[in-house]
Amino acid sequence: MKKIDKDEKIFKLPPYTCEEVVGTLSQSQDWGISKNNIPSAWEVTKGKGSVVMVLDTGDTHHKDLEGAMDHERSLSTVPRSDKIDRQYHSTHCSGIIGARNNDFGVVGVAPECTIITVKVLGDDGSGSFNSIIKGLEYAVKVKPDVVSMSLGAPVGHSDVHRLIKELHDLNIPCICAAGNEGKNSQVGFPARYPECIAVAAHDKRRKTAGFSSSGQEVFISAPGVDIYSTYRENSYAKLSGTSMATPFIAGVIALLVAKHRIQEAEGKPNDCKTVDDIKEHLKKYAIDSGKLGRDDNFGFGYIDVSKLIREGSIIDPVKPPRRKKRNIFRKIGAWFRKIF
């Protein structure tokens with residue numbers, strides 16, 4: 001195998017499509033929000049206190065993300081580049097995660113979470129192993145609750161894997177795009193690493209998107225076709241790709257983390273502290289789709305977020321013993337049998 005120079009631009013955005021760019025005066029919910037019952041989950045938490053780090057194309061000042069972006073901690077690891085997003089891919093992903101619940105634009109999955117962006121891909125949408133490694137090193141330093149990576153490469157790197165393992169050991173899940181190479185292609189890196197949560201994409205009809213990469217590494221599926229979110233110059237756009245499905249799951253995990261912190265503050269068990277705990281919750285509340293059981297297109301299925309947040313616990317509550325009901329008819333029958 002050809003040796004890859006760590007400065008060679010090998011990481012790229014998975015190819016995605018942009019259907020339209022629009023402005024808006026009133027707020028709308030993307031189909032993924034309503035179809036996955038997220039507004040019901042907001043009755044428990046909107047993600048307040050949870051922090052999502054987005055390793056992508058940079059920082060944004062979109063008006064619908066005011067209060068969401070932690071500009072002070074956002075940075076660039078791309079040589080000779082500032083931290084501003086000029087690709088608007090990171091802007092779109094950030095909106096899916098945490099666009100604010102106001103009276104205009106769109107609303108994200110976790111509209112009260114905090115987002116830190118790290119520019120690891122340049123203005124042309126590509127990046128090197130070095131920039132990804134530095135971004136992951138920063139994640140290890142900052143320790144967000146979730147890392148979202150809508151990017152991919154055809155090969156892996158030992159330092160990237162080492163840092164993802166380190167994040168895993170710190171109980172920080174890395175949510176990664178499976179890739180947009182189609183059903184007959186392999187899942188790309190870093191999604192292929194077992195410590196990551198690889199996300200495939202489906203459409204409104206719960207059908208696997210034709211572009212979504214498949215494989216045994218796919219863990220879960222999320223909305224990834226015609227996803228309406230924040231875009232360039234305070235506009236909004238519909239984009240399609242596993243890039244869009246990935247921040248959706250990152251937002252869901254932000255809700256899950258916030259919910260369990262509330263639960264812990266109330267003196268109840270917090271059974272969602274590790275990456276394995278998070279995976280167990282997703283598996284338990286995944287709705288099977290595609291072939292019966294886990295499959296290479298959907299993984300364990302898609303998430304009913306309302307059930308995950310409102311009921312979700314891998315520790316099932318102990319039910320008190322049921323009192324035996326007095327059955328008068330049974331007693332009468334026994335009395336008759338005794339006499340006759």
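Tutor: Happy to. Leaving aside its neighbours within four places in sequence, S306 is in contact with N36, N37, S40, A41 and E311. Contact here means heavy atoms within 4.5 Å.

Student: Where does S306 sit, and is S306 buried or exposed?

Tutor: S306 is in helix 8, residues 305–310. With a relative accessible area of 11%, S306 is buried. The cut-offs are under 20% relative accessible area for buried, over 50% for exposed and partly exposed in between, using a 1.4 Å probe and protein chains only. Helices (H or I, at least four residues) and strands (E, at least two) are DSSP runs, numbered from the N terminus.

Student: What should I know about the model itself?

Tutor: This is a predicted model, where local features need pLDDT of at least 70 and side-chain atom pairs count only at pLDDT 80 or more, while totals for chains, interfaces and linings use all residues. Residues are numbered from 1 along each chain as its sequence is written, and side-chain values use heavy atoms, with hydrogens and water left out.

Student: OK, zoom out. How many helices and strands does the chain have?

Tutor: The chain has 9 helices and 16 strands. Of its 340 residues, 57% count as buried. Among contacts with a separation of 6 or more, 76% are between residues 24 or more positions apart.

Student: In what order do the strands of the open sheet come?

Tutor: The order is 5-7-4-9-10-11-12, an open sheet of 7 strands with parallel pairing. Strand 5 (75–76) and strand 12 (218–223) are at the edges with a single partner strand each, so one side of each has no neighbour in the sheet. Two strands pair if DSSP finds at least two bridges between them.

Student: How many bridges join strand 5 and strand 7?

Tutor: Strand 5 and strand 7 (residues 114–119) pair over 2 bridges, in the parallel sense. S76 stands opposite K119 in strand 7.

Student: And strand 10, what does that pair with?

Tutor: Strand 10 pairs with strand 9 (residues 146–149) in the parallel sense over 3 bridges. Strand 10 also pairs with strand 11 (residues 197–202), again parallel and over 3 bridges.

Student: Which residues of strand 10 are on each side?

Tutor: Strand 10 covers residues 174–177, with C174 and C176 on one side and I175 and A177 on the other. These four are all buried, so both faces of the strand are covered. In a regular strand the side chains alternate between the two faces of the sheet.

Student: Switching to helix 3: how many of its residues are buried?

Tutor: 10 of the 10 residues of helix 3 are buried, so helix 3 is largely enclosed by the rest of the structure. The cover includes strand 4, strand 7, strand 9, strand 13 (227–230), strand 14 (236–240) and helix 6.

Student: Helix 6 again! Which strands does helix 6 lie across?

Tutor: Helix 6 lies across strand 4, strand 9, strand 10, strand 11 and strand 12, and runs at about 120° to strand 11. Axes are lines fitted to C-alpha atoms, for helices over the stretch in contact, and angles run from 0 to 180 degrees between N-to-C directions.

Student: How do helix 6 and helix 7 cross?

Tutor: The axes of helix 6 (residues 242–265) and helix 7 (residues 275–284) come within 11 Å and cross at roughly 110°. Helix 6 and helix 7 are therefore roughly perpendicular, a label for angles of 65 to 115 degrees. I253, L256 and H260 of helix 6 make the contact with I278, H281 and L282 of helix 7.

Methods. Parallel < 35°, antiparallel > 145°, perpendicular 65-115°, else oblique.
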